[in-house]
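The following paragraphs lead through selected packing features of the model shown here.

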Amino acid sequence: MKFAGLAMVLLIAGGFGVTAESVIQLTDQMGNVVEIPQPVERFASVYGIGTYFAYALGVDDRLVKGWYIGVKSLGQASEAMYRLEPRLPDLLSSGDPNIEEMVATGATLIFVDGARHAGFAEQMSDLGVAVIQFMVESPDALLEAMQLAATAFGEGAIERAHVFAADFHRVLARISADIQEASPLEAPRVLFLGTDPLTVSSGDMYQSWMIEAAGGIHVSSELTGYWNEVNLEQILLWDPEIIVIPPYGPVQPASLLGNPDWQAISAIRNGRVHRMPRVIAPMDTPVPESLLGIVWLAELLHPEVVGFNLEEEMERFYAYYYSYELSATEMETLLSQ
Amino acid sequence: MRIRGRSTGWLLVLLPILAFLASMLIGRYGLRIGETFRALFQIGDVPDVVRALVLRVRLPRTLAAACVGANLAVVGAAFQGLFRNPLVEPRILGVSSGAAFGAALALLMTSHLIVVQASAFAFALLAIGLVLLIATRFGSSTLVLIIGGILVGALFNSLLGLIKYVADPLSTLPSITYWLLGGLSRSQWSSIGPLLVITVAGLTFFLLVRWRLNLLTLSDQEARALGIRVRLLRTAVVLAGAMMAGVSVALGGMIGWIGLVIPHAARALVGPDHALLIPASALLGAAALMFLDLIARAALASEIPLGILTGLIGVPIFLLLFLRLLRARGEAT
Amino acid sequence: MRLLVNRLVFSYAPARPILDHLSLHVEEGQTTFILGANGSGKSTLLHCIAGLLTPQGGAITLDGTVIHGMPPRIRAKHLGLVPQWHEPLFDFTVEQAVLMGRAPHLGLFSSPGKADRDAVRNAMQGVGVDHLRHRLYTRISGGERQLVLIARGLAQGAHWMLMDEPVAHLDPRHQHDVLTSVRTLATRGFSFVITSHLPNHALLYADRLAFLLNGKAALQGNPRSTLTEEALRAAYDMEFEIIENEEGARAVVPKDLRRG
C-alpha cells in the first residue's frame, strides 16, 4: 500500500518535473531549504494557523486538506466557517497527521508547525513532498510566514501578502500615533487568560505582544514558555484592571464577575472582563485576523484615544482577506464587546 | 533512637501550628502580620483585598493542605500496619489510579472543578470497590488485597493512557498532565467542603480504632485468636482509608510520598504503637504538606506542582530514614 | 474444668479428613503434649480448639460450653494462642506486645486504660519477663519472646494456653526456660496444650500426652504409661528405644543410632 502511494507521489512529482515550468526555492522558518515545484495545484496545511493564510492569500481553492486552529471537529465549526469554506466537511482534519492519508491527497506542498511536527515533516520530505515548516509567535514572524506562503504560490499571492504587511504596519502605526498623542497615557494592566481562570499567558506568547502593541501592560509577562498555571493569590498581586478571555475555551465573563473569591481584583470590581469575539479564526493567535484582534484590543484598552472605525475595519478585512461578507449579527457580536 | 515523652508531644503539636502560621503569613502577596490577624479574626478595619486574600485565598488553601497531609499520612500509617509492610502507601490499592482516571475523564469533557472532583472521587471509590470485590471472591488476605490493588491500579492507568491519547494536545492534555502533577491552587471554600467533611469523619474513625490497629500487625491467626474480627476491621480500614485518600486526590491530584514518608518519620519519633502513631502521623502530615504547599505557591510566580515537591523532598528524606532503619536492624542481630 | 474434644471431624479437602472423629480430654492445671508425625493434624487440632477452624463434625467444649458457639471475644478470654515462631515486623516494646492481649476486654473504639495496664504488669510478672518490659520485642531472644507471648495469653485472662511447637527454634537453654515456666504456671492453675515434635520433651515436661494417628488421638495418658516404644513406632513409623538411667530419667533414642 505504501509502495502504491510512493509510486503515485513519484509519478506526480515526475509528471510535474516534465510539465513544471520551474522550481522555487525558499528557506522556511526552521532554517530548512525547501524546493517547491510550480505550480502548486494541491496543497495541505497541518499547521492550524497556516491554513488561514491560504484564505488571506486567495489560494484556498487549492487546499485539499486542512487543520484549522479552533476547529477540531465539524461540530465546532461555526456557521461562518461553513460560509467561508463550503468544502469544510471534506477538508477538515484534526489530531496527529497520518502519512498515508496525506500521500493519498496528492498534495505536493504541506504547511507544518515546526515546533510540533518536525518528524512528520521529515518523513513527508523523504517521500518527495515539499514541506514548509512555520514557527510564528511574533508579528515579524507572522509577516515572514505570510511572505513564505505567498512565495510558494506565485504573483497573486505575493501581492496579497504585501497588502497584508502594509495593513499590519498601518494599524500598528495608527495605534502608536494615537497613544503618543494622548500623553500622558495610563497603560492599563491586562491579564490574558487561557482555557481556565488560573491559566495565564506568558511573556513569550503572541498575546503578550498584542497587549503591548495595543498600549497595555501585560501583567504576566514575567512568565515564560507557553500557558502557565498560577494561583489566585498571584492574580491578586498582579491586580489587573482588565481581564481578557480568549475566544475559545469555556471561561465566560459572567462566571468570573460572579465569583466571590475574585471580587477583590480591580478588573472584577470595575466590570472590565471581556471575551474576545470570534467570527472565523481566534484573533489572539498569529492568524491574519489577529490584525483585527489588535484593533479590538486597542479599542478596549483606550476607547477615548484610539480612533478606528471598528465596523469599517472589520467589514473591509473580511471582505478583502476572506472574500467574506459579515452578516449583521456577526457585526453586532464583534462590536458588542 | 526514639525520642519519648513530653518533648516529642510538644514538638508534634507545635509543628502544625507553626506551619499554619507560616502558611497564613507568607505568600506572593506581602502582608503584614497585624493586618493578617485582624483579617483572620475579623477585628477592625481591613482593606478588602487583604480580607479576600486572607479569608478567601490563604485560609481555605491552608486548611486543604492540612487536611490532605493529615489524610495521606494517617492512611499511609494504617495501611503499613494493615499490610504488615512498611513500604506501602495509600496508592497501593489503586485508589489514586482510579481518581486520576476519573479526573482525566472529566477534564476531557468539561473544566468545571466540581465535576472533575466528583468524578475523581467516584472513580476512586469504584477502584476500591473493585478491589474489595476481588477480595470477597478470593479471600481478603493481605496478599489478595495487594494483588487486587495492583491489578485495579494497572487497569485504570491503562485507561488513563487512553484518555491522554485522545485528549487535545493543546488544551486538554496539558490540563490533565498538570492535574496529575498535583496541586492545591483550586482550593476555595466552594470546593473544599467534601474534603473537610471526610477528613473529620475519617480522622475520627482512625482515632477511635487506633489502638486496635496494632492487632492487625499480628498474623491473621493471632488476631482472630485474640477475638478480633479481622476481616471486618480490615475492610473498615480499607474503606475509610480509600475515602480519605480518594477525596484528597480528587482535590489535590497525585500527591505522593507523604503517605509513605510521614508514617516512618512519625514512627521514628513515637514508635509503632498506633495509639501514638496515628495522631503523630496526622500532625506531622498536616505540617509537612502545609510547609510544602507554601513553597509550591510562593516560591515562583507560577505554581510549582505539589506532587513534584513532595517527590523531590520526600525521596531523600525517605532514604535517610530507611538507612537509619537498616542500620538499626543491623545492630539488632 | 475440662476441655473436651468430642469426635471431632475436620478436613481441608472434602475427601480426606485430617481429624477423623477425634476425641481427647484435657485436664485443668496440666501440661498436655500432642505428638504426631508431620501432617498428622497437630496444628489443625490446635486451631480447631482455638476456634480458628470450624469442624465439619463433632464438638469441642470448655466446661460444657461449645467453643465454636462462643463469640470470638469471649473465647479469647478463655483460650490463649501462642503461634509458631515468626519474625515480628514492627518494633513494639514487650509491654506493648503483651498489652495486645487485652483486646478481648476492649470494645472496637476503646483504648487500654489503667486496669488493662495493671493486668499486663501482672501477666509479665507472672511469667518473669517484667524486667524486659521496655525492651523491643524484636531485640529479645527467641526464648524470651515465647515467654512474652505466654504473658500475652495471661493478659487475655486466659487460663488455657494453646502452644504450637513453642520451642522448635530455640536453643536447649531457652527450651528449658520456656518449658519450666510452663510447668510453673501449670501449678498455679493454668492449663497448657502443646504440640511438639520432640518426644523427649514430652517425657520431661508433660503431665499428659496424646499421639495423633490416622486422624484420631490414640494413646492418651500419662507419659510413663503412654510413651512406649510401640507407640513411637506407630506414630513415627520408625524404631525407637527408650533408655533409662539409675535415677529414673528417661530418653527416647532412635534405635539404629545406638552405639555400644
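How are H5(B) and H6(B) oriented to each other? The coordinates are a predicted model, in which local features need pLDDT of at least 70 and side-chain atom pairs count only at pLDDT 80 or more, while totals for chains, interfaces and linings use all residues. Residues are numbered from 1 along each chain as its sequence is written, and chains are lettered from A and ligands numbered from 1 in the order in which they are written.

Helix H5 (residues 113–138) of chain B packs against helix H6 (residues 142–166) of chain B at an angle of about 140°, and their axes are 9 Å apart. Axes are lines fitted to C-alpha atoms, for helices over the stretch in contact, and angles run from 0 to 180 degrees between N-to-C directions. H5(B) and H6(B) are therefore oblique to each other; angles under 35 degrees count as roughly parallel, over 145 as roughly antiparallel, 65 to 115 as roughly perpendicular and the rest as oblique. Helices are DSSP runs (H or I, at least four residues), numbered from the N terminus.

On the side of H5(B), the contact is made by Ala127(B), Leu130(B), Val131(B), Ile134(B), Ala135(B) and Phe138(B). H6(B) contributes Val144(B), Leu145(B), Gly148(B), Gly149(B), Val152(B) and Phe156(B). Residues are in contact if their C-beta atoms, placed from the backbone, lie within 7 Å. By class, this contact has ten nonpolar, two polar and no charged residues; Ala, Val, Leu, Ile, Met, Phe, Trp, Tyr, Cys and Pro count as nonpolar, Asp, Glu, Lys and Arg as charged, and the others, Gly among them, as polar.

In chain A, the domain assignment, automatic or from a database, gives domain 1 (9–155) and domain 2 (186–335). Between these domains, 16 residues of domain 1 of chain A are in contact with 17 residues of domain 2 of chain A.

Technical notes
Two residues are in contact if their C-beta atoms, placed from the backbone, lie within 7 Å. Helices (H or I, at least four residues) and strands (E, at least two) are DSSP runs, numbered from the N terminus.
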